[in-house]
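Please find below a colleague's note on the structure shown here.

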Amino acid sequence: MTNSIDINLEIWRQKDSRAAGEFEVYTLQDISTDMSFLEMLDVLNEKLTREGKEPVAFDHDCREGICGMCGAVVNGIAHGPEPETTLCQLHMRHFKSGDTIVIEPFRSRAFPIVKDLITDRSALDRIIQAGGFVSINTGGTPDANAIPIPSATAELSMDAAACIGCGACVASCPNGAAMLFTGAKISQLCLLPQGQKERKERALSMISTMDSEGFGNCTNERECEAVCPKGISISNIARMNREFVKASLF
Amino acid sequence: MACSGLCLLLFLCSHAAGNATLFISTSLFQSYADQLHSHPLIVSVFSKGLFLVFAIHIVTGVLLFLQNRKARPRNYKVRTRAIKNSQASGSMIYSGLLICLFVLIHTAAVSFGDHGRIGVTIAEMFGSFLLSMFYILAFIALAVHLSHGFWSMLQTFGISHPNYTTFIHRLSYVVPLFFLLLFGTIPLLFLFGTGN
């Protein structure tokens, strides 16, 4: 049975990257608890459009929790209160009637606000461009089991590869650090045979780019791991630190 | 931070071993101090090295704090920590500054004092209730600082493995508690008149 709730919203509104921005308050009634968070924002935007007002700009794409496009800070937590859940997969059943929901954009010097809840997260793309790829010719598809990879190693690599690059780690880190993202991308490749050839250059180049993009430094607060919608472990940051030391010294 | 932190942790271990003689008697502590100062070259090299490590730890810590504040020019209106019991990690700069204040007072009173009667100086110092309380407060700050710092140091060195996670987690409680009990008991011994 579908229930409906009435909610109050406090949403960060900012006309463009140069505008000052401020919170605006909205009230929505009869919101179905089966709605996703983004569907609730769609309802708000339809209401605002009907009233002749500017709708709230927010990022979204697949709405299936796999593209990494959506993201906002809901009541102080990136992607909202549900663990390992993207904003698009958060449902209104997790809120109570009468709740006030504060929605803010991801805040970081490296993520300038484009408009309202939309931030420019291209700094993460530039970290990938610095070395988050395999550029050697690996030939045709090898025969199955021609290159044996221990199951545990393959699993670790796949776990790291689950990162969708949404930037919630940066948004939640008290220091605005991107080390979970970079650690996951470095781990994903350094664990597999294809990633060995460029292993050292990759670690040094990606970490150097991460530093130059204006992200903060990791002080091991573990907030990134706690809010990551894909459950990426901070053991990837430890692995990145090992890769950096090895690449620097040997 | 992790490298200088490791050096300071090793210093704490040696300092704790020396201080442990106070549990037996101040005269044994005095003879330990006399023995130490009979090697002026070693004392000189280690004290200057220690000062350098302290300076590196403090300067890099403050620089990190300032850089990290710059990385988030505007804070969230609602700040909710997803990690509970994160007070230690969130207050490293403040617990560190309190420890720094303690080190300044402690070195002024003890390290630059008369080493020939250091046992008597210690007994007189801890006879003061306020000074003893300040020392205990500083040791609590040290324990809080270490509870995050120890684990953080291992993580920075890349020492992380699922097989050892529980062990490392326990160590991050045991190590600070060990130093708190060892250092914190000494002023209490003298305050309650059981030190000799």
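This is a predicted model: local features need pLDDT of at least 70, side-chain atom pairs count only at pLDDT 80 or more; totals for chains, interfaces and linings use all residues.

1. Overall make-up of chain A. The secondary structure of chain A consists of eight helices and seven strands. Along the principal axes, the C-alpha atoms of chain A occupy a box of roughly 60 × 45 × 35 Å. Of the 250 residues in chain A, 43% are buried. Among the contacts in chain A with a separation of 6 or more, 70% are between residues 24 or more positions apart.

2. Domains of chain A. Chain A is split into domain 1, covering 4-104, and domain 2, covering 122-249. Between the C-alpha centres of the two domains of chain A there is a distance of 30 Å. Twelve residues of domain 1 of chain A make contact with eleven residues of domain 2 of chain A. On the side of domain 1 of chain A that touches domain 2 of chain A, five residues are nonpolar, six are polar and one is charged.

3. Contact between the chains. In the contact of chain A with chain B, 32 residues of chain A meet 27 residues of chain B. Three elements of chain A, namely β5 (100-104), α7 (223-227) and α8 (235-249), each contribute at least two residues to the side of chain A that touches chain B. The most is given by α8(A), with seven residues. By class, this side of chain A comprises eleven nonpolar, 13 polar and eight charged residues.

4. A helix pair in chain B. How do the axes of helix α1 and helix α3 of chain B cross? Helix α1 (residues 2-19) and helix α3 (residues 40-70) of chain B have axes that come within 9 Å and cross at roughly 135 degrees. The arrangement of α1(B) relative to α3(B) is therefore oblique. The crossing of these two helices, α1(B) and α3(B), is left-handed. From α1(B), the residues B:S4, B:G5, B:C7, B:L8 and B:F11 meet B:L50, B:V53, B:I56, B:H57 and B:T60 of α3(B). The contact of α1(B) with α3(B) contains six nonpolar residues, four polar residues and no charged residues.

5. Positive phi at two arginines of chain A. Although not a glycine, A:R63 has a positive phi of about 55 degrees. A:R63 is located in the loop between α1 (37-50) and β3 (73-74) of chain A. A:R63 is classed as partly exposed because 16 C-beta neighbours lie inside 10 Å. A:R222, likewise not a glycine, has a positive phi of about 70 degrees. The loop between α6 (199-212) and α7 of chain A holds A:R222. Is A:R222 buried or exposed? A:R222 has 23 C-beta neighbours inside 10 Å and so counts as buried, the threshold for that class being 20 or more. The backbone at both positions may be inspected in the display above.

6. A proline in a loop of chain B. B:P73 is situated in the loop between α3 and α4 (87-90) of chain B. B:P73 is exposed, since 12 other C-beta atoms lie within 10 Å and the cut-off for an exposed residue is 12 or fewer. B:P73 and B:P176 are separated by 103 residues in sequence, and their C-alpha atoms are 34 Å apart in space.

Technical notes:
Residues are numbered from 1 along each chain as its sequence is written. Chains are lettered from A and ligands numbered from 1 in the order in which they are written. Axes are lines fitted to C-alpha atoms, for helices over the stretch in contact, and angles run from 0 to 180 degrees between N-to-C directions. Helices (H or I, at least four residues) and strands (E, at least two) are DSSP runs, numbered from the N terminus. Angles under 35 degrees count as roughly parallel, over 145 as roughly antiparallel, 65 to 115 as roughly perpendicular and the rest as oblique. A crossing is left-handed if the near helix is turned anticlockwise from the far one by less than a right angle, and right-handed if clockwise. Two residues are in contact if their C-beta atoms, placed from the backbone, lie within 7 Å. Ala, Val, Leu, Ile, Met, Phe, Trp, Tyr, Cys and Pro count as nonpolar, Asp, Glu, Lys and Arg as charged, and the others, Gly among them, as polar. Domain bounds come from an automatic or database domain assignment.
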